[in-house]
Protein chains: 2
Amino acid sequence: LVKKQARGHLVLIGGAEDKFGDKRILLEFFRLSGGKEARIVVLPTASRSTALGNLYKTIFTEWGADCTVMSIDNRSEADNAQKAVQVREANGIFLTGGDQLKITSLLGGTRVASALCRAFFVRGATVGGTSAGAAAMSAHMIISGSRGSIPRRGMVEMAPGLGLLSGMIVDQHFSQRERIGRLLSAVARNPALLGIGIDENTAAHVSPDRMLSVFGNGTVTLVDASKMQYTNVYQLTNPRPVVLANVTLHVLADGFRYDIRRRKTVLPETAEKLEEQPIRRVLHRL
Amino acid sequence: LVKKQARGHLVLIGGAEDKFGDKRILLEFFRLSGGKEARIVVLPTASRSTALGNLYKTIFTEWGADCTVMSIDNRSEADNAQKAVQVREANGIFLTGGDQLKITSLLGGTRVASALCRAFFVRGATVGGTSAGAAAMSAHMIISGSRGSIPRRGMVEMAPGLGLLSGMIVDQHFSQRERIGRLLSAVARNPALLGIGIDENTAAHVSPDRMLSVFGNGTVTLVDASKMQYTNVYQLTNPRPVVLANVTLHVLADGFRYDIRRRKTVLPETAEKLEEQPIRRVLHRL
């Protein structure tokens with residue numbers, strides 16, 4: 001009802017995106033950040049490796065962007081005023097993979113986190129993140145959980161995220177690590193949240209008008225429990241299966257879009273030509 | 001940085017508030033809801049007992065309010081349009097104690113939840129809640145955890161709350177159930193959040209200008225980790241103790257106020273007269 005109005009674009013990547021071939025997902029982030037005019041800051045905070053940050057830098061710099069890798073490994077670095085200015089003035093900010101809890105526990109409440117929000121909400125900077133970097137963007141994030149397709153009461157551990165994406169919860173490495181169970185378990189806790197599960201080498205681009213576009217090799221799964229008729233999640237003790245009745249599921253592939261406000265899939269033009277046939281492979285209902 | 005601007009007042013109660021004596025906390029909620037002019041809706045969704053809802057109704061009705069107990073025990077009742085209208089037009093909405101996960105999993109994404117947000121954010125209705133009802137109001141809520149004063153990695157289970165209170169996390173029965181450890185553990189995950197621990201028969205009134213006032217018999221503890229220098233929360237595996245360096249703690253009693261925006265205690269006039277002496281019993285630093 002009362003949502004933060006963001007001016008920036010988000011590129012949520014499910015991890016393991018192509019970095020050596022046509023790099024299509026990273027190219028989309030680069031384009032949305034302003035292309036050759038982009039000032040990009042890579043934040044490798046989630047990871048333990050500086051080499052990872054430098055790999056992204058090499059890619060974005062080769063394409064013509066002005067790119068900096070900003071190493072932040074403790075809270076005093078995250079409160080550095082110069083770093084905050086650099087983040088606030090970036091056109092593109094990219095969060096690498098690793099551990100999402102490292103991102104929030106080191107950046108939460110600091111000048112750099114505040115600069116990131118200002119760049120995104122006020123100046124309209126593009127923010128991209130892969131794996132942990134994607135998970136940390138939502139207001140509510142999953143930090144760990146069990147593998148499997150059956151939702152269980154205690155299978156998902158949650159924490160407060162950076163809050164760039166309100167009303168949603170992002171999960172990544174989605175099909176590869178069988179995470180539908182934990183995402184269902186998370187949305188059952190509060191069906192106001194839309195669950196977004198993103199496969200590896202796949203991205204969900206969320207524009208300021210809350211349209212989500214899928215691109216990449218895998219799928220993006222949307223779990224909409226707002227019309228859920230019944231759940232027993234509050235009655236269970238660990239680790240019993242959670243019942244969810246009437247959850248709407250969308251499994252979307254490259255070229256499909258989803259209207260987050262209306263909670264509705266938008267078919268690509270090529271698919272609309274086949275409108276007589278129900279698109280069974282793309283749209284299911286649980 | 002970008003906060004929801006609420007027009008309503010919140011009355012967060014730590015549970016077990018006096019219902020048979022001077023009922024001071026409930027009286028404050030009644031007064032903030034408009035007193036004798038108030039239309040109050042009691043939502044006993046968290047509890048299993050209709051008697052509890054009726055007890056509140058008796059109290060508010062005796063004081064002269066127009067009070068309804070709205071029983072919602074499944075999601076289709078929570079989507080009832082007439083109930084939603086009644087909630088949207090209330091001046092005061094009161095959530096009883098019980099299980100906070102029952103509140104969010106039954107109400108989340110429904111018409112009644114949406115009406116509650118509209119009443120609070122747009123029309124400026126007062127929303128009160130005790131125990132589970134207080135926990136559910138924040139955007140991030142604690143649903144279970146272990147007792148004790150040492151914060152541990154896996155000691156706290158979180159879920160998305162109703163979102164009336166942004167940037168904060170509320171815990172209740174705070175001193176009585178030794179919950180400082182789990183609240184510290186929760187804010188370490190993202191120090192942007194302010195932790196609020198409320199004792200039994202004690203309330204925190206949060207006004208639209210983000211001033212928090214304490215009233216009642218116990219204390220309200222504020223855990224501000226925004227200046228936290230160091231945490232190892234992301235490095236731990238369960239259930240090792242979490243290190244938090246430089247967390248600011250305020251333990252406030254009746255009559256004290258806290259400026260949430262400035263993260264600063266405001267002394268009552270009587271205490272200001274003692275300004276020469278540091279108020280050691282009230283303001284600590286960890």
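**Figure 1. The open sheet of chain A.** In this predicted model, 9 strands of chain A form an open sheet with mixed pairing, in the order β3-β2-β4-β5-β1-β10-β11-β16-β17. Strands are DSSP runs of E with at least two residues, numbered from the N terminus, and two strands pair if DSSP finds at least two bridges between them. The edge strands of chain A, β3 (66–69) and β17 (264–266), each pair on one side only.

**Figure 2. Strands β2 and β4 of chain A.** Strand β2 (residues 39–43) and strand β4 (residues 92–95) of chain A pair in the parallel sense over 4 bridges. The bridge partner of A:L43 is A:L95 in β4(A).

**Figure 3. The interface of chain B and chain A.** In contact (heavy atoms within 4.5 Å) are 44 residues of chain B and 44 residues of chain A. The area buried between the chains is about 3,600 Å², of which carbon and sulfur atoms give 58%; buried area is the accessible area (1.4 Å probe) that two parts lose on being put together, summed over both.

**Figure 4. A salt bridge between the chains.** The side chains of B:E157 and A:R153 meet in a salt bridge (3.4 Å, N to O). The rule, a side-chain nitrogen of Lys or Arg within 4 Å of a carboxyl oxygen of Asp or Glu, finds 4 salt bridges across the interface of chain B and chain A.

**Notes.** Residues are numbered from 1 along each chain as its sequence is written, and chains are lettered from A and ligands numbered from 1 in the order in which they are written. Local features need pLDDT of at least 70, side-chain atom pairs count only at pLDDT 80 or more, and totals for chains, interfaces and linings use all residues, while side-chain values use heavy atoms, with hydrogens and water left out.
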